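Student: I would like to learn how to read salt bridges in a model. Can we work through some cases?

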Amino acid sequence: MPRDPSANRRSRSRHPDLDLHHDGYRDQRRHRRNSSAAAAAANDYQQQRRKKRRPTSTPRGGGNEGNVGAEYQTSEEGAGSSSPSQTLSAAALARLNRENAAPARGGGRRGDRERTRERERGREREREREREVERERELRRQRRREQERERERTRETERSRGYEIVEVSPTRGDWRDGGREGGNRRSKRVVSGPVLEEGKGGGGGGRGGGRGWTGTRGGWKGGQDSVPSEKEGLWKGKKRPWYKQKKKLWILIGVCTVLLIIIIIVAAVVVPKAGSGEEKRDDKSSDSSGGNLEGISPESIPEGAPSWLNPFLWEDTTDFNLTYTDETVGDLPVMGLNTDWDDSAKANDHAPALNEPWGDYAKRPARGVNVGGWLSLEPFITPSLFNYDIRLGIVDEYTLCRHLARNCESVLEKHYATFVTEDTFRGIRDAGLDHVRIPFSYWAVQTYAGDPYLFRTSWRYLLRAIEWCRRYGLRVNLDLHGLPGSQNGWNHSGRLGAINWLNGTNGAVNGKRSLEIHDRLSKFFAQPRYRNIISHYGLANEPRMTFLDSQEVLQWTAEAHALVRKNGVSDAVIVFGDGFRGLGNWQGELTGLDRAALDVHQYVIFNTGQIVFNHSEKIRYACEGWTQQTLESMDRATGFGPTLVAEWSQADTDCARHLTNVGWGNRWTGTYITPDGTGDVTEPRCPAKDSSCSCEQANAPANRWSDSYKQFLKLFAEAQMSSFEKGWGWFYWVWDTEDAPQWSYKKGLEAGVLPAKAYERDFDCDLSEIPSFSDLPENY
């Protein structure tokens, strides 16, 4: 705030009067002998005071404010004197008072009244300054309250979206203490001009009076508060250097930031086409086998080619054809595929070669496994990808990619390149399996407005996986695991929460989009190269028909089946999910579908009435209950007909981390809590059904399993294999996990709890061979 020169002048004018007041009364008795001279002096003094109060002709701020004597300039004109103007200082007046007598009768009382009024005016000015200071403080408090209300509104907005935001203050100290406890304050306090004039600014630890400010007018040292100058101010008596001027420093930082961004953009556009491609080629060539970038020129990649067509931008180039092409089939790229293929391989002696007919699945059931959690993420399979503070709400692929933003591409492609490799399919073949189910999601083909998903990168890895299956004689079950809008609202559909497929405002739109996805997919996989290897074509994984309109799902399924067949996928089995509506309810449904099969997923651990079975009861239920269900479903008189089990596992608890969703707990210990409260399980459901139920041993690594527990797991797995082979076969969920061994076929093989060869089993549901497992605890 600019200074008012007159305010300073008024403040100084009252101090000589106070001096005269005290000195005059102190010396009255000493000078009574000179009463006549005193009366004359008093007359002069009163005339000077009256003339001093008259308006001066000196302009405001005209240069006299720094001269104390100028405040008391008088003139003889009013007394009829022709003498020039005189100037009496405060010291001269005090000396005159001491040398002369007391004022004339009545003059002292008038002087007292004048001095009293002057003191009152001074006190009023003080009170006005204090009121101004208080107004300043109140304005600052109002601003802080408004800022706090704004922050609270932001928090409420975030909470309404399902996330709890933890706000961390950038400083340790409170703004009121001037940062005494460390760190800088959140913002600088601007103090009013009168406060600075009186040295009453507030701050921690200052020595300048008031609340601790030091220095005056324009800034001070000490404390953490500061007052920004209106312009550049002074620095050590000179103009402040540019690097000490915050405004100019911030401008310089902004210019540098803009230049840096421009450099990065130029590098991102130019380098992949020129130099960066060569550098990435060198990094990848040593890891590549069967195909690398050594013979590929960066100049062969057209400018502006998308990342899925530019091998210099790929995380992995192993076994890809890296010669650039923008050719498509069904509007889907063939980039990365080799021209030739060989279908002469077979998985084992119990399965025909790829170029030979499989035959009747009712007589030769499929024995397969899922490569789940790979191209469609599932938190319990790869919990490392979801290792975030739960308050961030990262619970599925949608929220993960939204959180990662541009980093989603690098994180997910690294996962694609490492979680499943050629060794995966070699191991599947060696385990005596003959089929592989490959889950993938719609963003491998297309994304829509608002989607944060990584577009199309997974498509290239899907095609390479099919070629690796071809190399090892493994037939492929294509599984569209996530559809636009989410067909079940579960995390493995891409987005946890609402079901917006054939449901809600955009339900019909997303149903149509799903048909368009299948239109493009079926045209691509109708090519001759896929006729022998694509044995199953899945329409929709686990549509939640207990929530959706069943008739709409049935109508959509019939349309999708007709579309796929029309586009040339003639030999593959068309697979659709049972929708959890009960196998008996499928009797007489969709009877006109050609070579179609009902897909059933069987687990005991997601059913509160089955997870409580003890060890021997679980094996018995797998042999009796699931065998009966399979046979009834296979019979068109009691069920749909052709039935396969595309998901199952030997896990006997739901304890695996993130299995029931991130942060939802589990049924085993009675900690299963859902956001809407539906389906909560708050009582322990392990066989003991008490507080002794624990997940510690259930989640233990396989090397800590007892021999008795291993025997149980192996019998439980073989019982399910036996039951599901009464239908069109089975696909275990899943081949591998990061740290859930009960769910990993690979880890189960290593632990000896699965048959070394899937077609050679020791147990075939002879109920007399089921042990009591009395030595196994029922609460572990």
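Student: Is Glu126 buried, exposed or partly exposed?

Tutor: This is a predicted model, and in it Glu126 has a relative accessible area of 23%, which makes this residue partly exposed.

Student: Which residue does the side chain of Glu126 meet in a salt bridge?

Tutor: Side chains of opposite charge can pair when their charged atoms come close. Here the partner of Glu126 is Arg129, at 3.4 Å from N to O. Arg129 counts as buried, because its relative accessibility is 17% and the cut-off for buried is under 20%.

Student: Where do Arg129 and Glu126 sit in helix H4?

Tutor: They are 3 residues apart in helix H4 (residues 107-160), so about one helical turn separates them.

Student: Which parts of the chain does the pair Arg460 and Glu413 tie together?

Tutor: The side chains of Arg460 and Glu413 form a salt bridge of 2.6 Å, N to O. Arg460 belongs to helix H11 (residues 457-471) and Glu413 to helix H9 (residues 407-419), so the pair ties together parts that are 47 residues apart in sequence. Arg460 is buried at 4% relative accessible area, and Glu413 is buried at 5%.

Student: What about Glu725 and Arg367: are they buried or exposed?

Tutor: Both are buried. Their side chains meet in a salt bridge at 2.9 Å, N to O.

Student: How many salt bridges does a search of the whole structure find?

Tutor: The search finds 36.

Student: Which residues are linked in a network of salt bridges?

Tutor: Glu124, Arg127, Glu128, Arg131 and Arg135 are linked in such a network.

Key:
Residues are numbered from 1 along each chain as its sequence is written. This is a predicted model: local features need pLDDT of at least 70, side-chain atom pairs count only at pLDDT 80 or more; totals for chains, interfaces and linings use all residues. Side-chain values use heavy atoms; hydrogens and water are left out. A salt bridge is a side-chain nitrogen of Lys or Arg within 4 Å of a carboxyl oxygen of Asp or Glu. Helices (H or I, at least four residues) and strands (E, at least two) are DSSP runs, numbered from the N terminus. Buried means under 20% relative accessible area, exposed over 50%, partly exposed in between (1.4 Å probe, protein chains only).
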